[in-house]
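Work through the two exercises below with the model open. Try each task before reading its solution.

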Amino acid sequence: MRYIIVVFSLRNDTLTFYNTIKTKVGFCSIINTPHALSRSCGISVKIPATAIDLSRHLASRISSFKGIYDINPQSNRSQPT
């Protein structure tokens, strides 16, 4: 399964987004932000890629939103979406 991670610069905003998206998507988790994206608060939200549109819509309303990244488990790399 393909995943995305949603990155914020403030920890509280990450947790707020997590609580909101969890009720709409079901499966999501809080993960440590990959080192390549470390200009954030240190934690991010991991979500199935099928929820990218909803995630982008909800995250764009939060001022500390930094970006959404596609996680490719085969290459162990993340790319902006």
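**Exercise 1: the setting of Ser64**

Leaving aside neighbours within four places in sequence, Ser64 is in contact (heavy atoms within 4.5 Å) with Val7, Phe8, Ser9, Leu10 and Asp13. This is a predicted model, where local features need pLDDT of at least 70, side-chain atom pairs count only at pLDDT 80 or more, and totals for chains, interfaces and linings use all residues. Residues are numbered from 1 along each chain as its sequence is written, and side-chain values use heavy atoms, with hydrogens and water left out.

Solution. 
1. Locate Ser64: the loop between helix H2 (52–59) and strand S4 (65–72) holds this residue.
2. Buried means under 20%, exposed over 50% (1.4 Å probe, protein chains only).
3. Look for a polar partner: the side chains of Ser64 and Asp13 make a polar contact at 2.6 Å. The cut-off is a pair of N or O atoms within 3.5 Å, one able to donate a hydrogen and the other to accept it.

**Exercise 2: the sides of helix H1**

Task: find which residues of H1 are buried, and what they pack against.

Solution. 
1. List them: Asp13, Thr14, Phe17, Tyr18 and Ile21 are buried in H1.
2. Test their placement: they cover an arc of only 140° around the axis, so they sit on the same side of H1.
3. Find their partners: the buried residues of H1 pack against strands S1 (3–8), S2 (29–32) and S3 (43–48), and against H2.
4. Turn to the face away from the buried side: Asn12 and Thr23 are exposed there.

Conventions:
Helix = DSSP H or I, 4+ residues; strand = E, 2+ residues; numbered from the N terminus. Arc of directions from axis to C-beta.
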